[in-house]
Each structure stands twice: as structure tokens, then as C-alpha cells.
Amino acid sequence: MTTTTGTTTTTGALGTARTRVEGREKVTGAARYSGDIPLPELAHGWLVLSTIARGRVRSVEADTVLAMPGVLAVLHHENAPRVSLDYMGMIGPPDPIIGVFQHDRVPFRGWPVALVVAERPEQAREAAEALVVQYDQESHDIDFFAGHPDVYTPGDSPFGAAETTKGDIEAELAAATFVVDAEYTTPEEHHNPMEPHAATARWDGGRLEVLDSNQGTTYVAGELAQIFSLDAESVRVRSEHVGGGFGSKTVRPHQVAAAMAATVLDRPVRVVMTRRQMFSTIGYRSPTAQRVRLGADASGRLRALDHRSECVTSTVHEFIERSATVGRVMYDAEAHHTSDRVVRLDVPTPTFMRAPGEAPGSFALECALDELAEASGIDPIALRVRNEPDRGPVSGLPFSSRNLVACYEEGARRFGWADRDPRPGLRREGRWLLGTGMAAASFHSGAGPSTAGVTAEADGTFTVRINAADIGTGARTGIALVAADGLAVDPDRVRVVMADSDLGPAMIAGGSMGMRSWAWAVSIAVRELRERLALGGDIPPEGITARSDTAEAIGALAQKERHSFGAQFAEVAVDVTSGEVRVRRMLGIFAAGRIVNPLTARNQLVGGMTWGISMALHEEAVRDRASGGHVGPDLAGYHFAANADVPLIEADWVDDPDPDDPVGIKGVGEIGIVGAAAAIANAVWHATGVRHRNLPIRPDRVL
Ligand code: MOS
């Protein structure tokens, strides 16, 4: 349940709540997801994943299953087409898991070792499950813990420096009046989009065509072209409807396996992943072990901020969960140090998962701030306000806008923070201990180059063509609203054609940058179209089209600290008999740029906050040391917040248009999860007087 008052000003179409334009299609089942689209001659591939965590494939005993009903082929490292992973992709070099069946090495349990293709999916599945793969097994190491002897500092990347340092941490800590030194852990967590990953590949007139479920077809088509050594124009990827992504719907083994099989069999091949397969093939959020040391003077001003995080990557690819980066934006201190280190284990490579870095990082940092508030006797909000920086604490750059204090004020007013007794463990209602907590949030705001076309049709309607991805966020609707606002027409007169790599390059739905990037391109094409329409004259049958490309404008943006901000509040009840934590209410107030569609923006924020409940209380992937694989990799074994776990959540915002964005957007995709788990953990402390520094806050840990 969500409620709202809506504090944003409503101007034109922007700010008007609109249901999704494809909502009816989706709820009636008319919307076809990539695994649903019928095709003649379609064959079905089923992935076979390794059952050992390290070693080599000795043999794939394909003959037996080739004799099974309907089986067409078994692809594995000895017979699969060769592909190339020697390229730099849009989000870095490729994770070798996508170059399926190229060698006999097995770097973790759940590594794809074969694809069984059959006439029907049931036949493919039965044969895949019957396929005998022999291995030469080697010993593996999957144990992540703080201070692992093999932990190392990675190189810097476009996603951030591994380490930043300013001043003398030890000296400032020694001179501080109040000191917090605490260690926090977050477990391995998994994306579980409702729609599993699914791709259908076919050759059509010399082009590789892929019907897929992904976060951006420009990106997926570009990578597939590289992998199969094809011209960019020879690959077309479409992704009309997507049932969630969260960072996982990128290039994954299934698209490559489907394209290989389509090539070998010369007919369309579909590969759909199962939920269990997704646990080892689509990436996940690394577990983290974090240490935060804070030192403050008598007034609560930070003298030292030291945030060190360790995470996991695989032996075949490096991905860093940049948990320590959040303090580079949030708080300044005389001495300031942040570092992200990593250890290679025999596990799959983690990847981007909603608010990568900020989600686990804000848990540690914002809990540590709460501990400092306790130690200093300063109110948690007052402490944060006292430490508001006027420039980027590490970069020294100005903020494009930073309306965090407005979030605190509005949030405190609506949550009733002023009435709070800060002492812990005092409020009891039957067997429940009650408490409240808060935390701050930030997530970077950016834009990626995009192209768009907007056509004034002869019938008085308008068509927007942009290769955007609607991963369930309502992007299609938002784009229609942005175009309608610019054209000053009713949104019903605007249709949006998207999610097709043939439309030209555009930003992915990722990094909370989708809507901002696409709206930028659409707004420029709309402006140009209006200028042409203002010249008058009839619209020809093919319409009048204006196009845009934002690459230059985005490249020319001045360097600034660009972020969304937010204040999270939670009230919890803790059952002293069972250790169960129930979240009773949550409130998030965000400064997240101009809001395009209050309805779908609120969906994003509430969705993120819901995930914060999940992160705080439920989610935890458990690995079995003996097998190296997961225990219960499905929605029964991996519990995330269900309806019964989720109380009243309110999400709202303060006015915060981005001054450098043509539409004023910052992005709302990820900030909702940031700080949410910390607010809950801080509320649990307030209820019980006990700090819980290891997520999730399970009943057995509370008791
Ligand atoms: Mo998001 S983790 O950038 O899809």
C-alpha cells in the first residue's frame, strides 16, 4: 500500500500521474515477453551447468541424449562455434561466462558446459537433465570473510577509484572527542526479476536477429556483433517487454548460446533460463565486509571518516562492489579515506545490482553515523546536517544541486521525528519492542548519449522513435509524457516505438540513467520538430521527422557532483519471543530531480525501499562449502520480502530540478534502496538497544 500527497509542482504533462500505456496489455496477458513470441520452426535450447566448482570437463557424453526424442544437437566445448571475447564493451571487458563452450575449464559451480537443443522445451530439458558430463575435479575455495589473506586492491576504473585518501586518519581519530569503529557485513544477494532471462536467435536475410529480454538493445546488439565477429548492421536485437532487470539483464550466456545453436542448426533457437540457473549465470551482488571508523569533535563535526570495504569476484573476471564510494559524496572530514578491495574465489562473477556500491555501502556508513549519534548524544538528523558538505568531499567539485536538508526536514515533519525519545529499548507493546530510525541516501545522476526521432504524422498524432528499454519502470509512458509536454499535446496523441537496436544508439536502462538520457534526446528532437512545424504548411503522408543526438551535449557537460539524495525513515517492532523484526512503516523523501510521472516514479522509489526491507531482514544466498554451489537457489530457499513483509510505505519528494538537464531529470531507479536497510537496522537498535551489524537481521541473530 502506498499513499502520497505529491509535493512536486505539476507543470504541463510532466507531474501528471499516468498509468502505463502498455498496462492493459500486460495485465490481460496480451503483452508478449521474449520467451512467449511464437515463431515457425522454433527449436529450444536448455543450458547444462557444471556440478563441480573447479576443474575441467573430461567428457560430454552426448551420444546417449542425441538418441532421445526430439533432440537436435548438443553444443559443448569440443563442437561449439568459436567466438571472440577480445573487446571492450559498453560496461567494460566481457565476463567470460558469456563466451560459452570455448574451453574445458570450469571456474565455479553453475558454469555453462553444454546446450541441449530439441524440438520442444520439455524434450530439451529432459535430455539436458539426462546428459552425463564427466569432470576432473580440483579443490575449490568459496569462503569469503573479512581480512581474507588473498584480498587485493584493484586498479581504478571508469566506475571509480579503488581508493581515495586525504589527511591523517589515525591522528584525527586520536584527537576526536567521539569515535566509532565498527564492522559490518552484507551477504551475497541476487537479482530475481519476475521474468527469467530468455532469448530467441535466428538468421534472417544474413542478419542475426535476437528477441531478448534486456536493459538495452544497443548494448546487447553491439556486444553480440563483437562476440560473433559481425558488422554492427548485421545484428538486430529487440526487447519489447521486460519483466525486471535490476542490472542482470545484460549480455548473458543464453543469448550467445541461442545464437550459436541458431547458426549450427540454421533455424530459430530459444533459450530460457530457469530460476535456479539464474543464481549462477546472471551475476549477483557480492557479499561485503566493511569497517567504518568515524571520529567527531564535541559538536559532532567529523574529523575522520575511514570506510574500507572488501568484496568478492570470480577467478575469471573482476567486478568490484564499490561500497566505500558512498562516503565520497555524503560527508567530508579533515581526514577522509575510502577503499574497496576484492578477493578472487571459485564463485561466479558478481555484477551491477540495484544501487551497486551504494546499497551495501550506505548500510555500513549510515549505521555508523547512527552509532556516532548515540555516542555523541546528538540527534541523528542534526548530526548529518552538521556534516553537510558544500562541495564534493573528495572531488572538490560543486554539486549540481543538493537538497538533502530539505529531505530531512520534510521527512522529519511527516514521520513525526521531533517526538522521538532517542533512548533505546524503552518502548514496549505487549511482546513487541518498538523503535524508529533514519538514514540518508545518495545515488549518482548521469546521462548517456542517445539518439531519437520524433515524427509529426499527417493524422495529427506523433511518433517517438528511440531505442529505450522499459524494464518494467514505465519508461515507455515517461517518454510519451516528455514528448507530449514538449509538443504541448495530450499524451494520448503520442506513440512510442522503442526497444529495437535498428532504431539507432541509445542509453541502456541502467545506472538510474535511462529516463534522463532518453528524455534529453526526445526533448531536443521535439524542440527541433516544433520549430519546423512553426514554419507552417501541410504535413506530407510520411510525416515530418526531427532527429537528435545528445553525444556532444552530454560530452560538454561541466564536471560537477551530480546525485539524487534522500532521507529514509523506518519504524519497526521486534518480537522479544521469536526475534522477528516487523517493519511497521517507512517513509522516504527524495531530492531526485524533476519527476516525470509521479505514479511510476513512486513505483520505483517504493520498489527500492521494499528491496531495502528485503535486504535488511530477509535476503541471503547461502553457499555450501562442500559443493561450492547454493543451498536452495530458488524463491523458496531465497526469501525476499513478500506482501506480508511489507507495510505502509510512503515515498515522496521535494522539488529538485537538475539545473543542467533540459528536462530537469536526475533519475529515480536506484536511490530507493539506498539507506533503507540502515534506517531499519537503526530502528532495530532503537527498539532493542542492540546493534545489528550483519545483514540480514534474522530472528536467530536478534534473540
Ligand atoms: Mo542498474 S544495477 O544499473 O541495472
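How far apart are the end C-alpha atoms of helix α11, and what span should its twelve residues give? Keep that in mind as you open the structure, which is a predicted model.

**Stop 1: helix α11**

Select residues 404-415, which form α11. At 1.5 Å a residue, these twelve residues should span 16 Å. The end C-alpha atoms are 16 Å apart, so the two values agree.

Now colour the buried residues of α11: L404, C407, Y408, E410, G411 and F415.

Step just past the helix to G416. Here phi is positive, about 85 degrees.

**Stop 2: helices α12 and α13**

Two packed helices are described by the angle between their axes and the distance between the axes. Select α12, residues 475-487, and α13, residues 514-534. Angles under 35 degrees count as roughly parallel, so α12 is roughly parallel to α13. Is the crossing left-handed or right-handed? The crossing of α12 and α13 is right-handed.

Show the side chains where the pair meets. From α12 come A475, G478, I479, V482, A483, G486 and L487. From α13 come G514, M515, W518, A519, V522, S523, V526, R527 and R530. By class, this contact has ten nonpolar, four polar and two charged residues.

**Stop 3**

Move to the loop between β21 (494-497) and α13. Most residues other than glycine have a negative phi. Look at two residues in this loop with that in mind.

- Select A499, which lies in this loop. Its phi is positive, about 60 degrees, although A499 is not a glycine. A499 counts as buried because it has 27 C-beta neighbours inside 10 Å, and the cut-off is 20 or more.
- Select S512, in the loop between β21 and α13. S512 is not a glycine, yet its phi is positive at about 55 degrees. S512 has 27 C-beta neighbours inside 10 Å, so S512 counts as buried.

**Stop 4**

Most peptide bonds are trans. Where is P696? Go to the loop between α16 (676-688) and α17 (699-702), where P696 sits. Select L695 along with P696. The peptide bond joining L695 and P696 is cis, with omega about -5 degrees.

Conventions: Residues numbered from 1 in each chain as written. Predicted model: local features only at pLDDT ≥ 70, side-chain atom pairs only at ≥ 80, totals over all residues. Helix = DSSP H or I, 4+ residues; strand = E, 2+ residues; numbered from the N terminus. Buried ≥ 20, exposed ≤ 12 C-beta atoms within 10 Å, placed from the backbone. Expected span 1.5 Å × (residues − 1). Axes fitted to C-alpha atoms, helices over the stretch in contact; angles between N-to-C directions. Parallel < 35°, antiparallel > 145°, perpendicular 65-115°, else oblique. Left-handed = near helix turned anticlockwise from the far one by under 90°. Contact = placed C-beta atoms within 7 Å. Nonpolar A, V, L, I, M, F, W, Y, C, P; charged D, E, K, R; others polar.
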